[in-house]
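I opened this model to look up its nonpolar cores and its helix packing. My notes follow.

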Amino acid sequence: MSSGRGEEGSAPAATRAPAYVVAGDDASLVGEAARGLIKDLVGPEDPGLVVEEHGTEDDPDMGSILDACATPSFLASHRVVVVRDAGRLRADQVGALLSYLEDPQPTASLVLVAGGGAIPSRLVNAVRQRGQVVDASAPTGRGRSPWLASRVRDSSVRLDGPATALLGEHLGEDLGRLSGVLDALAAAYGEGASLGPEEVTPFLGEAGAVAPWELTDAIDRGDTEGAMEALHRMSGAGQRHPLVLMASLHRHYASMLRLDGASVTTEAEAAALLGTRTTFVAGKALREARRLGRDGVGRAITLLAAADQDLRGASACPADLVMEILVARLSRLGPRRPRGRGRR
């Protein structure tokens, strides 16, 4: 069975599993995947007779959940028992589900939807043995653009290449907003409309968060404007605390500090020294350490230490301003490079 996202049709009884977990790092995408999965499981039958929802109450009634799973429906061919926010189930409730999953009923599909914390791995593993774990996360790296293009193609509007690129760039890490934007475009221009950047721009809203390397890449390029934009998106839409941003910047320059003066000449040697398997990241740190030189890396560490003290109360300067001053100074430590995005 698929994740059910944007797909029509129903799951034949023979392919309905007794248990599912829908998990991911974005609540909107998790909810969207869960809706698609439940729709597939219900098929042509009346959802009111098939679906039983749990988990929205403060303390889910495990007795009711297990009864629903174990009791065949009188008015439908099967049941779909949905437990929302499964990450907040207590240990005894998880134990009860594990016992049920040892011999689940073939007439019911238990759907555990992530939320409220991490679902215990032993419960996820038990579901995997009996059914399916649906990963609702959007891919990162090279898989992100094809995923975005596929979602746009499956929508009810037609976006050209520049409009799709604009949408992806603007949403950044907030891909959970994608469906909402596409639905808004369809409502405004009609289903099947062909749209370019000019038609899409008014519906984008606030720029989404970006990954930490967007900030460090802009700083390394000497692109102060780009670094400020990344900082604001991370602290605004991304809601990252200034100390979290500080920790990210500290890791970036601490890697350079460790490479400074070391007898390292290749990316592989740099990765070994830094204790990472990612030669790409180690190579970037090596190149930046060479570009800045010992004095530049030392100056960056000094700036980080001073800003950290300011954030912890040494200065009356607002935290946002402290971070802006820090990022501006870091971006001017080395020679500037041509602006361009540096996604991993």
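I took a nonpolar core to be a set of buried Ala, Val, Leu, Ile, Met, Phe, Trp, Tyr and Cys residues joined through side-chain atoms within 4.5 Å. The model is predicted.

Entry one: the largest core. I looked up the largest nonpolar core and found 27 residues in it. L215, I219, L249, Y253, L326 and L330 touch the most other members. I then listed the helices that supply at least two residues each: α10 (212–221), α11 (224–235), α12, α14 and α15 (319–331). With seven residues, α14 gives the most.

Another core lies apart, with 23 residues, including I65, A108, V124 and A126.

I checked helix α12 (residues 242–259) against helix α14 (residues 279–314). They pack at an angle of about 140°, and their axes are 7 Å apart. That angle makes α12 oblique to α14. The crossing is left-handed. I sorted the contact residues into 20 nonpolar, two polar and three charged.

On α10 the contact uses P212, E214, L215, A218 and I219; on α11 it uses G226, A227, A230, L231 and M234. I count eight nonpolar, one polar and one charged residue in this contact.

Note on methods:
Residues are numbered from 1 along each chain as its sequence is written. This is a predicted model: local features need pLDDT of at least 70, side-chain atom pairs count only at pLDDT 80 or more; totals for chains, interfaces and linings use all residues. Side-chain values use heavy atoms; hydrogens and water are left out. Axes are lines fitted to C-alpha atoms, for helices over the stretch in contact, and angles run from 0 to 180 degrees between N-to-C directions. Helices (H or I, at least four residues) and strands (E, at least two) are DSSP runs, numbered from the N terminus. Angles under 35 degrees count as roughly parallel, over 145 as roughly antiparallel, 65 to 115 as roughly perpendicular and the rest as oblique. A crossing is left-handed if the near helix is turned anticlockwise from the far one by less than a right angle, and right-handed if clockwise. Ala, Val, Leu, Ile, Met, Phe, Trp, Tyr, Cys and Pro count as nonpolar, Asp, Glu, Lys and Arg as charged, and the others, Gly among them, as polar. Buried means under 20% relative accessible area, exposed over 50%, partly exposed in between (1.4 Å probe, protein chains only). Contact means heavy atoms within 4.5 Å.
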